[in-house]
Amino acid sequence: MNLKSRKSLMAKAGLVIAILLIIGMLLSGCVSQGMSPIGWSGVVENNGTLYTASKEGRVVSVSIKLENSSRSWAEPLKAVSTGGGCGLGGTSSGGGSCSGAVAAVAIYGTPAIANNIQVGIDDSGAPVMGSIVIVAGYNGKIQAYQTNNLSNKVWEYPSGGAYISPLVSGLTVSGNRIYFGTNSGLLYCLDTLGKEKWSAPFQAGDQIWSTPIVDNDLVIFGSFDKKVYALDAATGAKKWEFATGATVMSTAIAQDGIIYIGSLDSTLYAINEADGSQVWDFKADNWIWARPVYLNGVVYAATMGDKVYGLDAKSGSIIHEYAVEGPVASWSAVAGNEVIAATTNGKLWALNTTESGNKQRLVTSNFPSGINSPLMVVDNIIYVNGLDSSIYTFEVTSGNPNKIDMKYPVGK
Amino acid sequence: MNIWDIILLQPMINILIALSRFLFNNFGITIIALTLIIRFILLPLTLKQLHATKKMQDLQPKIAELQKKYAKDKQMLAQEQMRLMKESGVSASGCAVPMLIQFPIWIALYQAIILALAAYPESLLNLSRYIYSWALPLAVLPLNNTFLGMNLADPSTILAVLVGVSMWVQQKMVTNSEGQDPRVAQQSQIMLWMMPIMFTFFSLSFPSGLSLYWLISNIFSVVVQYYVTGWGELSLKKMWGGPKKDAGKDKDLQKRIYLESSGKKDSTSSNTNRKEGLNNGKSADIGQDGRRSDQKSSNPFKRWFGGN
């Protein structure tokens, strides 16, 4: 083969390889949406400080006044990858990356706060008391940090190199106990020092994404096995279970002895907390993914079908119906007489629960991404964790926005 | 949602979900079933494309001869190539058009599987916007991803290897090195190895539900390819260098093509060759394995879908 034809062959071979690489990029590009866990942690407030999880897999904190100088970062959670290749899929706890960079661990549950616990020992050997912020990672690890010093990791569960299955469920702190569910369907109870409190975690029939709630010494949560469970908070023994028509990933609320919880069978259920019997049910237009919210005798249930229903808490009959122009997955919040609801297409609504005035108003339609994370309202300000590792705030009445970047500073 | 989602992706996802309901809520079986259904629906196009490709491959020796003959006259070469293709009933679009029609459907199926697998919480959230209201009652979501002990949302090394091997087999059957320009043959060799390696690599990275789709699709392609061209380069004789019974035929064929195209008479051609040779320009009737189309036509598969 002469030089010319060899060059031509090389060029063609290069072309073939380039085409194959383009196919590869297209394939990975085609599925990029929903192929990487990102997380949808909400914001929690404790003593004038906000805590949330960034897209980088860190717990971050900032003063409620959003001062740059008050920002603080914990170490990033460590990704565990059992998949091969680029980590585009598989069981990698972080996002896909072909660059060799460590993928960030997704954090779905809102960090939880436990106050007045031992966070260390002083020079004389006396215990140092303080508060911890606890976070559940998609890597299957619970980590607790000292609230006023995020660089101090107080404990982790399980310790060392051990991991449990991925965690989507949020954490609930009640007294000196922490409750959370796992993707393997286990519901754990730890104390605030990170030690298991039940003889064994409770095994549900399938994954638990629902954040457990504690009311009247019962731990209540839903599972992918289509059931709602109530366990004895002290021992983990099952008190009752309630069957729905589909996966339950919604988190429950408890009010006056009744549990309200949604299901992917598009139904909101009201369940008697004492014995697990059904009080009423309401068939909505689409999945109920988000946690309902209670205000003045009315339960507000948002659906993935662009609607929010206001239902009489005692009978389940419709009192209000709002069209919010987008599916609702995030937990709504209450601000005065308004219910604040956010859609996965980036609209933030204030829904009037009274009979006077406009039925609903848009707080913003310009949120830079979809809103999946739970909303928090403190002092008439709505706090939203954005997908860009920023905390966004909106003044409820005026809609005035503010934002603070919570990305870990390069070179810090 | 954009046009692509509305026309292709959304229906595909809803069919997957509905089908899953009737196939024991098992997503593995659903992937296999839908892949086969779609491949069967597209079979006439696939066959058209394969026949066109095969004809084009069979013409390669003749085209090579023409290239030699008219190396210095590009215009004449182009004319002769056109004439040859016309006489043989071959057109470049015959290969490309069926492929172009099928490609979006394959991509949509691929995307639908990825979305329906809902490997991550965001995927499940994202999936909700694709489900029709009529499909909601059918939607037992997330789907049961366990298949033969594998979680289809996780990569599987076994399936990745099977994808690579099946793709190599398919590529090997498609490849036709005989009578080819060495440069084209080199490119074919690159494709033969690069495609399986790349798809094995993808399979190690993507959820194994996608690997299952690729595997079933490859197996289907191998079966169809076998019925159209036989084992091709994969035949044991060609693989292990046994006596090449067909090689003589090919040489004779090339020689006759040359003589036909140059208007000379073939003093050495036998009657047998005449029977098997150019028949109204339909030289492609003789496959890689030396079988004639009339010999193959006893195959019911070809009778149903049309052979050469």
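Trainee: Where does A:Ser165 lie?
Mentor: In a loop of chain A, between β8 (149-157) and β9 (172-174). Keep in mind that this is a predicted model.

Trainee: Is A:Ser165 buried or exposed?
Mentor: Buried. Its relative accessible area is 19%, and buried means under 20%.

Trainee: What is A:Ser165 in contact with, leaving aside neighbours within four places in sequence?
Mentor: A:Gly140, A:Thr182, A:Asn183 and A:Ser184.

Trainee: Which atom of A:Asn183 lies 3.4 Å from a polar atom of the A:Ser165 side chain?
Mentor: The backbone nitrogen of A:Asn183.

Trainee: Switching topic. How many helices and strands does chain A have?
Mentor: 1 helix and 32 strands.

Trainee: And how much of the chain is buried?
Mentor: Buried residues make up 56% of the 412 in chain A. The accessible surface is about 16,400 Å², with 50% of that belonging to carbon and sulfur atoms.

Trainee: What about the strands β29, β30, β31 and β32? How do they pair?
Mentor: They form an open antiparallel sheet in the order β29-β30-β31-β32 of chain A. Its edge strands are β29 (376-378) and β32 (401-405), each pairing on one side only. The twist averages 25 degrees from one strand to the next.

Trainee: Over how many bridges do β29(A) and β30 pair?
Mentor: Over 3 bridges, in the antiparallel sense; β30 covers residues 381-385 of chain A.

Trainee: Which residue in β30(A) is the bridge partner of A:Val378?
Mentor: A:Ile381.

How values were computed
Residues numbered from 1 in each chain as written. Chains lettered and ligands numbered in written order. Predicted model: local features only at pLDDT ≥ 70, side-chain atom pairs only at ≥ 80, totals over all residues. Heavy atoms only, no water. Helix = DSSP H or I, 4+ residues; strand = E, 2+ residues; numbered from the N terminus. Buried < 20%, exposed > 50% of the residue type's maximum accessible area, 1.4 Å probe, protein only. Areas by Shrake-Rupley, 256 points an atom, 1.4 Å probe, with all protein chains shown as cover. Pairing = 2+ DSSP bridges. Axes fitted to C-alpha atoms, helices over the stretch in contact; angles between N-to-C directions. Polar contact = N/O pair within 3.5 Å; in protein donor to acceptor, adjacent residues only side chain to side chain. Contact = heavy atoms within 4.5 Å.
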